[in-house]
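Dear colleague,

Please find below the structure that I promised to pass on, followed by my notes on it. I would be grateful if you could read the notes with the model open beside them.

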Amino acid sequence: MTTNRTLSEQLTQARLDREEGYRLLDVLQDEATQQALPGIEQIVPGYADWIITALFGGTYLREGLSLRDRQLVNLAALTALGGVDPQLAGHVKTSLRVGMTREEVLEVFVHLAPYIGVPKALAGLRVAAAALADAEQEGGQ
């Protein structure tokens, strides 16, 4: 099938909402995670704002996945990637904020083991257990 429309006319327009990105960041991320942003801004001006606008004001606003489903994907991707313990810990806490239970978060790592390997799943589980303990001390999650 041929079309006379340009490529930009054929693609779905991206939604980028800076204000909504910052609002959603406040809902999803804890204060400790947000405290890292000024440091990033000092190193690379504009980068933190781009991350928040593109990710929280763009990707997270797309239809098709709930915030809970997005957290399941985040936990799996970060665990499979490895070496991103601070981000994984933050997303474990965010998972609780969007309604996942402690048991559901832990089950993610059990489910991942045959897909990404036991060592990576165990490494993720260690990060998750520490983050869950922190969350419990911080607010009784």
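Predicted model: local features only at pLDDT ≥ 70, side-chain atom pairs only at ≥ 80, totals over all residues.

Residues are numbered from 1 along each chain as its sequence is written, and side-chain values use heavy atoms, with hydrogens and water left out.

The buried residues of helix 9 are A121, G124, V127, A128, A131, L132 and A135. Seen down the helix axis, they fall within an arc of 140 degrees and so line one face of helix 9, the arc being that of the directions from the axis to the C-beta atoms. These buried residues pack against helix 6, helix 7 and helix 8. Helix 9 covers residues 118-139, and its 22 residues should span 32 Å at 1.5 Å a residue, which agrees with the 31 Å between its end C-alpha atoms; the expected span is 1.5 Å times one less than the number of residues. Helices here are DSSP runs (H or I, at least four residues), numbered from the N terminus.

As for charged pairs, the count comes to seven salt bridges, each defined as a side-chain nitrogen of Lys or Arg within 4 Å of a carboxyl oxygen of Asp or Glu. One of them joins the side chains of D49 and R18, at 2.8 Å from N to O. Since D49 lies in helix 5 (residues 47-56) and R18 in helix 2 (residues 18-28), this pair ties together parts that are 31 residues apart in sequence. D49 is partly exposed at 21% relative accessibility, and R18 is also partly exposed, at 48%.

A salt bridge between R68 and E104 has an N to O distance of 2.9 Å. Here R68 belongs to helix 6 (residues 67-81) and E104 to helix 8 (residues 102-116), so the pair ties together parts 36 residues apart in sequence. Both partners are partly exposed, R68 with a relative accessible area of 28% and E104 with one of 30%.

Within helix 2, by contrast, E20 and R23 sit three residues apart, about one turn of the helix, and their side chains meet in a salt bridge of 2.6 Å, N to O. R23 is partly exposed, with a relative accessible area of 42%.

D30, K93, R97 and E138 are linked in a network of salt bridges. K93 is found in helix 7 (residues 85-97) and is buried, at 11% relative accessible area. Leaving aside neighbours within four places in sequence, K93 is in contact (heavy atoms within 4.5 Å) with D30, A131, D134, A135 and E138.

Finally, there is the matter of open space. The largest pocket is lined by 19 residues, of which Q29, T33, I51, Q87 and H91 lie nearest its centre. Helix 4 (37-43), helix 5, helix 6 and helix 7 are the elements that give two or more residues to this lining. A pocket, on a 1 Å grid over the protein atoms alone with a 1.4 Å probe, is an open set of points with protein on both sides within 12 Å along at least five of seven lines, and lining residues have an atom within 4 Å of a point.

With best wishes

Technical notes. Buried < 20%, exposed > 50% of the residue type's maximum accessible area, 1.4 Å probe, protein only.
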